[in-house]
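Hello,

Here is the structure I promised to pass on. Please open it first, then read my notes below.

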Amino acid sequence: MNRAYDAAKREDWEQVRKLMTHLLDQVPNNDEARALLINALSEQKDFEAALTVAQEYPEPDVRKKAVLDIQLRWIYDAPPSSVMISKWLEKAPSEREHIAIWQSFVARMDGDEYYQENLFDWLGLVQAKGDELALRRARANMAERLEKWDAVIDELAPLAQDNQLSADDWPRLANAYVEKLDGAALSALLKTAPNADGAITARMNLIERAIGNKQFDLAKAWLRPLVDDDVSNHKALRRLWELARQTEDADLVYQTSQELGRPCLETAEWLVGRKNGLVHALLQSCDASENPRSWLVLAQRAGAWDLMKTVSLQGTWDERRSDILVRHFLKTGQTNEAMAWLKKRQKNPATLRHLAQLHQNLGDITLAAQNWYALFDLTGSYSALDQATYLDVQNGSTSSAMYRLEHAYQDAKGDLPHDLIERLALLYQQNLSDTDLPKASVLLDRVDGKLRAELLSRLSLSGHCDLVRDFTDKHTVTQAVSYRALGQCSMKKTPGVAVVYFREAVKRGDNGSVLPLAYAYDASGAYGPAMEIWNSQPVEQLGNNAALTAAHSAMNDGHFDRAEAFWAQVEPDTAAGWALGASIAAARQMPDVAMARQREALTFAPGAEDYYAAAAVALSADDTAQSTEWLQSAFDLSDENPRFRADLGMRLAGDADPDRRLQAVPYVEQAVNDYPEDYRLHETLANLYNEQGRSADSRASLRAAIDLEQYPILNEPNVESVEARRYRQRRSHEALSRRDTVTVASTWSPAGVSANAIPGKESFERKAQSQNMQTFLWDHALGEEPVEAGKSLSVYGRAVLGADDRNKYASNFGAGAGLRYKPLGDYNLNLYGELYVQSRLSDDRSLPFKKAVNPVELFERGGDFANDGNVTGDFLLRATASFFDQGEYRNDWRVDEDSWNERFLYLDAAWWTHSHSYQWLSRYQQGHTFKLPFESAQTLMPYGFTEFSTQKTNGDWRQDLRAGAGIRWQMWLDDDTYNAYRSHISARIEYQQGLGGNLYAKANGVFVGLEFGF
């Protein structure tokens, strides 16, 4: 025991466990050892073992207490599952243990928000063992926090019925009824309220809850009794008043306002427009003299005209009352009433104004103008003069209006309101004729600069730019508005000049010229300066025309998002507006939006130009079909327009459908006549002719394009350089012109057999040794044209010398003649039929290199082949094809590149029909070509390759797989104005590594090749 206590002090619980387990084995009834063991197991969280040890206490009470302590500690330290807790509860020996267990578990797990919902459900499943009341309260408490109001009611309502509801639980049940808006249940519960404050709180909570849920009738029904029960409860009364105003309950507002003693005019103001009958009654009881202004406003708004007639106010407020009544009579057409009231009044400014308005309303323009003039004479009111002169102009009395305005201008020394100056200028402009020019000149000289400028601006806007220019030519222009007038006169024909004038006007402080300057910038193509102005203006304040022009400037200046922002402010009602929006959307890479706007633009009676613009938008949106359709519509509406015809032809020429490309021919032919300087049309026509097999016409069009390339079109898209384009056209011309092709080649390979050997021969050998071969090939195209739509038929002949050693030559000879057919225009596929003859001498009769290059020796060797050679013949069927060697990977000179990639996949299949031998060769090669720094066209290309070949001879198949790397030198020769290089010389050397197969015994070595083609 001492050792165990020492271990416990050190918290060495494993040692304690071992010692006490040993001691209990020796002394089973040692309770002190058992208690220490239980503590050690609990510290080690082995509560299950601790429970087992506790069950061994002989005394029931001790055992029960120990078990409960372990269970509670287990719950606190590491809560077990709810299933285990439920089992403990089933086995709980008494109510005390039962309550302690579930209360501890709930308290431990209640802090976990994630577990609360499941904890509540679990607690609902716990069976009571004399602790039903505690369980109900616990479940109600948790339900309240989870806002499960039905559950709160289910748990506490039975307690309320049995009068077992505690003072703490009563507010909880009351709150649940409030949340459920169950007024009936709450009414019953209020009878058992623990105190009056709690009952009032519950009632107010229900009221606020009802208001929050817009159940205003329920709230009113509960508020009214509160007020009636306690007249001094101003809080409830004020809440009822507020609710009445909130629910627009005019009668209740009137009643509660009286009860609260609210100000009379305040209540009347709220009631106006809601229940004017109450307003009339209320205004009669209000003291109008306290706030005559508010009283008059409310009476006017409530339409209490009869009441207003009877009320008398002091001083100017009574005149104000009279003014209001007169305006009302005038507005409602009660002319006699208005006249009666006006007759009672003195001829003061207000009376004159009303008389003028009355006559104006009655249509008596002359009397109305007289009264306005009288008002002006009495008060000097320019608004009266404005109204009088306006009526004179409307009545045709322009001379009277001009006379009064001129005198008013003179009396005011030019200081008249802008509207009057504008009217005077308009009258001058309307009455000026050729005979009145001296009068106009005198007027312009007599008025000050500002008025002169306004008149000049007015004249410019009305189209009298001749008068403007005549005056400005004779006088020095200093006023900003004068510059604005000059700008307006220059805008239509010379917007660049208009920019100068508007800019000077702005410089002189004329803000009215800022937007015209932006218009002028846009019209002259200066979109950047225009954008500086548009960006300085609030977008939302721009009108439709200004916003559209700003959008146009932004789009042409490359600010596509800004253009969209401007365009979004517009409500487009023209085709041009929608078309601009479509162009902006296309520039912003929003093809669907662009197309939708463009279709909207085409709903405004579109013309040919509209369809043409729409086609451009559709093309930018990658909707080529729709673009072509709209381009066709533009051409149909204006079939004489050469631009439409040319674009339609080019569009059809680029179509994937051959039939559509065929339709393009007449359009492009005509376009060539319309635009003979456009090389693109000639080149397109050449391609169309070539596709139709019209090679001669295609070459003629290519020559025209090549000639035009010396004078390229300015500002064209820089897709490729001029030199590269011309070379491409010259290559096409050369390919269409070539009828004869001669190739001379010599190769030295590391292993294999001579390619001209006839398979199937008894002496045919496969050896891992070197070989060489010299080949001469002549190919002659048949037909009227060498190439028609990429197809051709040729007759060819070839001669081959070879030997099975790198240093020996001419031990075998072969010759063949046949036909080559290229059936497909788009693919490099060739089919051959050839009669082939071969003569073979023994290896010891081969020639050394010096003799092999001697013509005399070669001639004599011909006799040897004829007389001594083993001569055999066969008919060869052969097919060759190459892939991946077009476009950027082609083997051709590049005029505008210093290096480029080349590749090809070559396939060759041959069938010797007589000897029933078969041969197959496939080779994939890829390299990178570099130009050499010489004036002539020379290149050097390192490359790598993989090659597979197979042969069937003497009844068995043999294969060879090899790979390697090499380098090729190539030189291009013989070009002219219309043809690219016709000839080339190439030399290559490569190392071959045999990878497998038994055809050449996996021989390795160096391959050397020379070739000359012309």
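Buried means under 20% relative accessible area and exposed means over 50%, with partly exposed in between. Keep in mind that this is a predicted model.

Start with F884, which has a relative accessible area of 47% and therefore counts as partly exposed. Its phi is positive, about 65°, although F884 is not a glycine. Look for F884 in the loop between strand 6 (870–883) and strand 7 (899–912).

N163 also has a positive phi without being a glycine, at about 55°. The loop between helix 10 (149–161) and helix 11 (169–179) holds N163. Its relative accessible area is 67%, so N163 is exposed.

Twelve of them form a closed barrel, in the order 1-2-3-4-5-6-7-8-9-10-11-12, with antiparallel pairing. On average, neighbouring strands of this sheet are turned by 20° against each other, direction ignored.

Last, a helix pair. The axes of helix 43 (residues 679–692) and helix 44 (residues 695–708) come within 8 Å and cross at roughly 160°. Helix 43 is therefore roughly antiparallel to helix 44. Their crossing is left-handed. The contact residues divide into 8 nonpolar, 4 polar and 2 charged. On the helix 43 side they include Y679, L685 and Y689; on the helix 44 side, L702, A705 and L708 are among them.

Best wishes

Notes: Residues are numbered from 1 along each chain as its sequence is written. This is a predicted model: local features need pLDDT of at least 70, side-chain atom pairs count only at pLDDT 80 or more; totals for chains, interfaces and linings use all residues. Side-chain values use heavy atoms; hydrogens and water are left out. Axes are lines fitted to C-alpha atoms, for helices over the stretch in contact, and angles run from 0 to 180 degrees between N-to-C directions. Helices (H or I, at least four residues) and strands (E, at least two) are DSSP runs, numbered from the N terminus. Angles under 35 degrees count as roughly parallel, over 145 as roughly antiparallel, 65 to 115 as roughly perpendicular and the rest as oblique. A crossing is left-handed if the near helix is turned anticlockwise from the far one by less than a right angle, and right-handed if clockwise. Contact means heavy atoms within 4.5 Å. Ala, Val, Leu, Ile, Met, Phe, Trp, Tyr, Cys and Pro count as nonpolar, Asp, Glu, Lys and Arg as charged, and the others, Gly among them, as polar. Two strands pair if DSSP finds at least two bridges between them. Buried means under 20% relative accessible area, exposed over 50%, partly exposed in between (1.4 Å probe, protein chains only).
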